[in-house]
Amino acid sequence: MRAWLAILFTISLWATCYAISAAAYFDFGMVLVWGTALWVGIDSSKIQLNRYKLDLACRPAVLSCLCVWL
C-alpha cells in the first residue's frame, strides 16, 4: 500500500508543479527536479544509507545527482 501512496504523491507533485507553472507563466519543472534531488540527498544522509555495502549509488551525493540527471 505504501507504493501506491508514493505514486500518488509523485503524481500530485507533478500536477501541482504543472498548475503553478501554467498560472505563473514560468517553468517550475527544474525547481521540482532540484528540490527532489536535494530531498533525496538529505533523506539518504539521515538514514545513513552509506553504512550498507550496496555500491557507489548509496552515497547521498550520488543519489542526488542521479535524481537530477534521470
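We start with the overall fold and then turn to helix packing, ring pairs and a loop residue.

Guide: A word on the ground rules. This is a predicted model, where local features need pLDDT of at least 70, side-chain atom pairs count only at pLDDT 80 or more, and totals for chains, interfaces and linings use all residues. Residues are numbered from 1 along each chain as its sequence is written, and side-chain values use heavy atoms, with hydrogens and water left out.

Visitor: How many helices and strands does the secondary structure of the protein come to?
Guide: Helices (H or I, at least four residues) and strands (E, at least two) are DSSP runs, numbered from the N terminus. Here there are three helices and zero strands, giving the pattern α-α-α along the sequence.

Visitor: What percentage of the residues count as buried?
Guide: Buried means under 20% relative accessible area, exposed over 50%, and partly exposed in between, using a 1.4 Å probe and protein chains only. Of the 70 residues, 14% count as buried. As for the surface, the protein exposes about 6,000 Å², and carbon and sulfur atoms supply 73% of it. Those areas come from the Shrake-Rupley method with a 1.4 Å probe; for residues, only the protein chains shown count as cover.

Visitor: How should I read the packing of two helices?
Guide: Two packed helices are described by the angle between their axes and the distance between the axes. Axes are lines fitted to C-alpha atoms, for helices over the stretch in contact, and angles run from 0 to 180 degrees between N-to-C directions. In this model the axes of α1 and α2 come within 9 Å and cross at roughly 145°.

Visitor: Which residues of α1 and α2 meet?
Guide: Contact means heavy atoms within 4.5 Å. From α1, F9, L13, W14, C17 and S21 meet G29, L32, T36 and W39 of α2. The residues of this contact divide into six nonpolar, three polar and no charged. In that scheme Ala, Val, Leu, Ile, Met, Phe, Trp, Tyr, Cys and Pro are nonpolar, Asp, Glu, Lys and Arg charged, and the others, Gly among them, polar.

Visitor: Is S21 buried or exposed?
Guide: S21 has a relative accessible area of 12%, so S21 is buried. S21 lies in helix α1 (residues 2-24) and, leaving aside residues up to four places away in sequence, touches F26, D27, F28 and G29.

Visitor: How many aromatic pairs does the count come to?
Guide: Rings of Phe, Tyr and Trp (its six-membered ring) pair if their centres lie within 6.5 Å; planes under 30 degrees apart count as stacked, over 60 as edge-to-face and the rest as tilted. The count comes to three aromatic pairs. One of them is edge-to-face, because the rings of F9 and W39 have their planes at 85°, with centres 5.8 Å apart. F9 lies in helix α1 and W39 in helix α2 (residues 29-46), so this pair ties together parts that are 30 residues apart in sequence. F9 is partly exposed at 41% relative accessibility, and W39 is partly exposed at 42%.

Visitor: What are the spacing and angle of the W14 and Y18 pair?
Guide: W14 and Y18 are stacked, 5.8 Å centre to centre with 15° between the planes. W14 is exposed at 55%, and Y18 is exposed at 56%.

Visitor: What should I notice about phi at Y25?
Guide: Most residues other than glycine have a negative phi. Phi of Y25 is near 55°, a positive value. Y25 sits in the loop between α1 and α2 and is exposed, with a relative accessible area of 77%.
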